[in-house]
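Reader: Please walk me through this one. Keep it short.

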Amino acid sequence: MRWRIAIGLILAMGCTYSPAVADDDGRTIWGDDYASTLRAMKQVQRALGLKSCLHCHVKQDGKMAYAAETEHKKIARAMYFAFVDTLANTGRAQLSYADEGKSVKISAVRKATGEDAGIHVTLVLPAAKEGETATKLTRRVDLPAKDQPIQCGTCHAGTLHFMQPE
Ligand code: HEC
Ligand code: HEC
């Protein structure tokens, strides 16, 4: 039942934790300073197969305003805490986020050994219309190589919506 506590903590963090900007050293969740944050951001962009940093960031007065908070930054941060952090530490994690006002739920369980070893991901998409049922999709992705961390690309592998049929 330890994971339930961990998820509770994550949910609690989600409510109270709102750093959104780098500290004085340029430290973010992605890196210890500005240069390593930038390097990591390029990897995140590639891992999700995004054409531009503007998927998550915005321009203000014609200039990139990286510190400005956006909905996609929030989702990316939630992904980081749930799947890069909690999943790696406890073997399971879940999160939900709002898409056009409806809640999308994702959970993941890591199975280290056996024939079905891997990360088992479940995605529950809200019903498109009233009266329709929610769609539940499941997918197994390979575990990262031995001693390698779980990263955005572990699940996404170059595609943002890697579970939804196009
Ligand atoms: C999938 C979403 C996503 C993409 C794509 C992305 N970023 Fe970010 N970026 C974030 C999040 C989330 C943070 C806030 C980190 C934190 O809370 O510690 C951030 C923070 C930053 C910061 C630090 C801002 C500050 O607070 O001073 C910089 C600089 C940055 N990103 C640059 C980039 C660049 C350059 C690219 C494209 C190569 C990029 N980002 C692509 C999500 C993204
Ligand atoms: C355990 C697997 C897993 C990992 C690891 C993971 N994600 Fe995701 N992510 C998902 C799933 C599942 C979806 C929904 C996919 C779909 O819609 O087909 C998703 C969707 C997203 C979306 C799209 C949300 C929207 O607007 O619809 C963003 C942005 C995202 N992830 C960012 C990240 C970032 C950044 C990382 C690394 C910090 C990351 N993810 C790591 C499972 C994962």
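**Loops, ligand shells and the sheet**

Reader: Where is aspartate 147?
Author: Aspartate 147 is in the loop between strand 6 (135–141) and helix 4 (152–156). Helices (H or I, at least four residues) and strands (E, at least two) are DSSP runs, numbered from the N terminus. This is a predicted model, where local features need pLDDT of at least 70, side-chain atom pairs count only at pLDDT 80 or more, and totals for chains, interfaces and linings use all residues. Residues are numbered from 1 along each chain as its sequence is written, while chains are lettered from A and ligands numbered from 1 in the order in which they are written.

Reader: What is phi of aspartate 147?
Author: Near 70°, a positive value in a residue other than glycine.

Reader: Why does aspartate 147 count as exposed?
Author: Because aspartate 147 has 5 C-beta neighbours inside 10 Å.

Reader: OK. And glutamate 100, what is its phi?
Author: Near 50°, again positive and in a residue other than glycine. Glutamate 100 lies in the loop between strand 3 (92–99) and strand 4 (102–111).

Reader: Glutamate 100: buried or exposed?
Author: Exposed, because glutamate 100 has 6 C-beta neighbours inside 10 Å.

Reader: Zoom out. How many helices and strands does the protein have?
Author: Four helices and six strands. From the N terminus on, they run α-α-β-β-α-β-β-β-β-α. Buried residues make up 12% of the 166 residues.

Reader: Now the ligands. Which residues are closest to ligand 1?
Author: Ala22, Thr28, Met41, Cys53 and Cys56, out of 25 residues that surround ligand 1. A residue is near a molecule or strand if its C-beta atom, placed from the backbone, lies within 6 Å of it.

Reader: Which elements give two or more residues to that shell?
Author: Helix 2 (34–48) and helix 3 (71–90). Helix 2 gives the most, with seven residues.

Reader: How does the shell around ligand 1 divide?
Author: Into 16 nonpolar, six polar and three charged residues. Ala, Val, Leu, Ile, Met, Phe, Trp, Tyr, Cys and Pro count as nonpolar, Asp, Glu, Lys and Arg as charged, and the others, Gly among them, as polar.

Reader: And ligand 2, how many residues surround it?
Author: 26, the closest being Met79, Phe83, Cys152, Cys155 and Met163. Helix 2, helix 3, strand 4, strand 5 (118–125) and helix 4 each give two or more residues to this shell. Helix 3 gives the most, with eight. By class, the shell around ligand 2 has 20 nonpolar, five polar and one charged residues.

Reader: How many bridges join strand 4 to strand 5?
Author: Seven. Arginine 110 stands opposite isoleucine 119 in strand 5.

Terms used
A residue is buried if 20 or more other C-beta atoms lie within 10 Å of its own, exposed if 12 or fewer, and partly exposed in between; C-beta atoms are placed from the backbone. Two strands pair if DSSP finds at least two bridges between them.
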